[in-house]
Amino acid sequence: MTHIFHRSPSSPPAIAVHGEGGFIHSADGRQFFDGSGGAAVSCLGHGHPEVIDAVVQQMHKLEYAHTGFFSSEPAEKLASLLASHSPPTLNNVYFLSSGSEAIETTLKMARQYHVERGEPQRRHNIARKLSYHGNTLGALAIGGHVGRRALYQPLLVQAHHVSPCFARHYRQADETDDAYASRLASEFEQLILELGPDTVSTFVAETVVGATAGAVAPVPGYFQKIRAVCDRYGVLLIMDEVMSGVGRTGTYHAFEQEGVVPDLLTMAKGLGGGYQPIAAVMVADKVVDAIVAGSGAFQHGHTYVGHPVACAAALAVQTIIQRDQLVQRSASMGQHLRALLTQRFGDHANVGDIRGRGLFQAIELVASRDPDRPFDPSLQIHAKIKRQAQQVGLLCYPGGGCIDGVHGDHVLLAPPYNSREGVLEMAVDRLGQAIDLVL
Ligand code: PLP
């Protein structure tokens, strides 16, 4: 008899007892390939001895010291390492324990930045439909995941949502990528003008959309046009790379492929790789400078900010990623994974799209390809495929972000960066088996 209030209390999950490399073993003797790294978390796979060692050693040295009194060696070293991967204007780091906390932090930091600069009227946050930024109330408010918001709507602070950048579904037939990006940027600008150009605080977007839409990258030039609008109206650009950052898309930061630099950047899952709960916000100098020159302190904080053991784990994970050139490997193995998915599903009657960057790849399931039609959301096709995949030994990350009946179900793969060709072949094969059994 379990006492845990599970996600689905009526069907408690298997008990995971052991992890090694890309595999998780359950108490009932089954073995699963962790094809989605949980939720794009396990970038090094499970049981990496060097990360375990780093955690144990830090435990022996110092398990915890409150950041009201101390910083710690692993936190300082991790911050330097993250700064070395980032553009010179974005090298201040604020540590947290989860992606949602990181997002909440960016919204508050942006607000304080504006207030310190004498613009207390800046309060509006603009984000996008079909996005996910976390489950705490502030993060949920800016998120565009209709299903996750619905129950809590009365508790949510006001946020504004513009169209996502999702060319497959929303670019018009006669529109170029550039014209589509311009249309989206002008929708954003129009909203700023309606709200009052000096009242907008932030624009928040996932660089590559994960949970709600399934590895959706923007069209070329989109973020440059968004950046230009932000600059025109003094709006801070927050890029959420909780899921898509730290090498997942084939560059250290996903924004490197967009030709822009955000003012605030969130990163989380691949930072600690699942060895400890840790997230970070990278902060532009101008934001830190305004706060330091103003009141002198950021009005925020959590008990476990900069936790030494979490930082030690993340430092080990990031050091291994750098030493073993795993970002490059994410890019090259991502191409391999894409080729395997294309080979297996390119002609599949129920696969409408194969997309993603690096080892962040998804397939979109459709009821029919011609005409392009999603499954009825009530069928919960993605959830059925997830369950069936688990039966055949594959963990994959499902999503069904259907809004206005256009975009349907998808399944996301985000395996560890050090996965070998053979296991990727096995993962795609198992996914194929699961889809064939469901459809
Ligand atoms: N932002 C993005 C893009 C995410 O994908 C997630 C989680 O999936 C979050 C924020 C929230 O992170 P967490 O679940 O660690 O709070």
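## Strand β10

Both faces of strand β10 are covered: A279, V281 and V283 on one side, and A280 and M282 on the other, are all buried. A residue is buried if 20 or more other C-beta atoms lie within 10 Å of its own, exposed if 12 or fewer, and partly exposed in between, with C-beta atoms placed from the backbone. Helices (H or I, at least four residues) and strands (E, at least two) are DSSP runs, numbered from the N terminus.

This is a predicted model, in which local features need pLDDT of at least 70 and side-chain atom pairs count only at pLDDT 80 or more, while totals for chains, interfaces and linings use all residues. Residues are numbered from 1 along each chain as its sequence is written.

β10 has antiparallel pairings with β4 (residues 92–96), over 5 bridges, and with β9 (residues 264–267), over 4 bridges. Two strands pair if DSSP finds at least two bridges between them. In β10, V283 stands opposite N92, and V281 stands opposite T266.

## Sheet β1-β2-β3

An open sheet is formed by 3 strands in the order β1-β2-β3, with antiparallel pairing. β1 (16–20) and β3 (31–33) stand at the edges with a single partner strand each, so one side of each is left without a neighbour in the sheet. Direction ignored, neighbouring strands of this sheet are turned by 25° against each other on average. β1 pairs with β2 (residues 23–26) in the antiparallel sense over 4 bridges, and E20 stands opposite F23 in β2.

## Helix pairs

Helix α4 (residues 99–116) packs against helix α11 (residues 285–293) at an angle of about 55°, and their axes are 9 Å apart. That angle makes α4 oblique to α11 (angles under 35 degrees count as roughly parallel, over 145 as roughly antiparallel, 65 to 115 as roughly perpendicular and the rest as oblique). Axes are lines fitted to C-alpha atoms, for helices over the stretch in contact, and angles run from 0 to 180 degrees between N-to-C directions. The crossing of α4 and α11 is left-handed, meaning that the near helix is turned anticlockwise from the far one by less than a right angle; clockwise would be right-handed. M109, Q112, Y113 and E116 in α4 meet V287, A290 and I291 in α11, where contact requires C-beta atoms, placed from the backbone, within 7 Å. The residues of this contact comprise 5 nonpolar, 1 polar and 1 charged (Ala, Val, Leu, Ile, Met, Phe, Trp, Tyr, Cys and Pro count as nonpolar, Asp, Glu, Lys and Arg as charged, and the others, Gly among them, as polar).

Helix α3 (residues 73–84) and helix α12 (residues 308–323) pack at about 40°, with axes 8 Å apart. Their crossing is left-handed. On α3 the contact involves P74, A75, K77, L78 and L81, and on α12 it involves P308, C311, A312, A314, L315 and Q318. By class these are 9 nonpolar, 1 polar and 1 charged residues.

## Residue A83

A83 lies in helix α3 and counts as partly exposed, with 15 C-beta neighbours inside 10 Å. Leaving aside neighbours within four places in sequence, A83 is in contact with N91 and V93.

## Helix α14

Buried residues in α14 (residues 381–391) are I381, H382, I385, K386, Q388 and A389. They pack against β12 (360–365), β13 (397–400), β14 (409–413) and α15 (421–438). Just after α14, G393 takes a positive phi of about 90°.

Conventions
Two residues are in contact if their C-beta atoms, placed from the backbone, lie within 7 Å.
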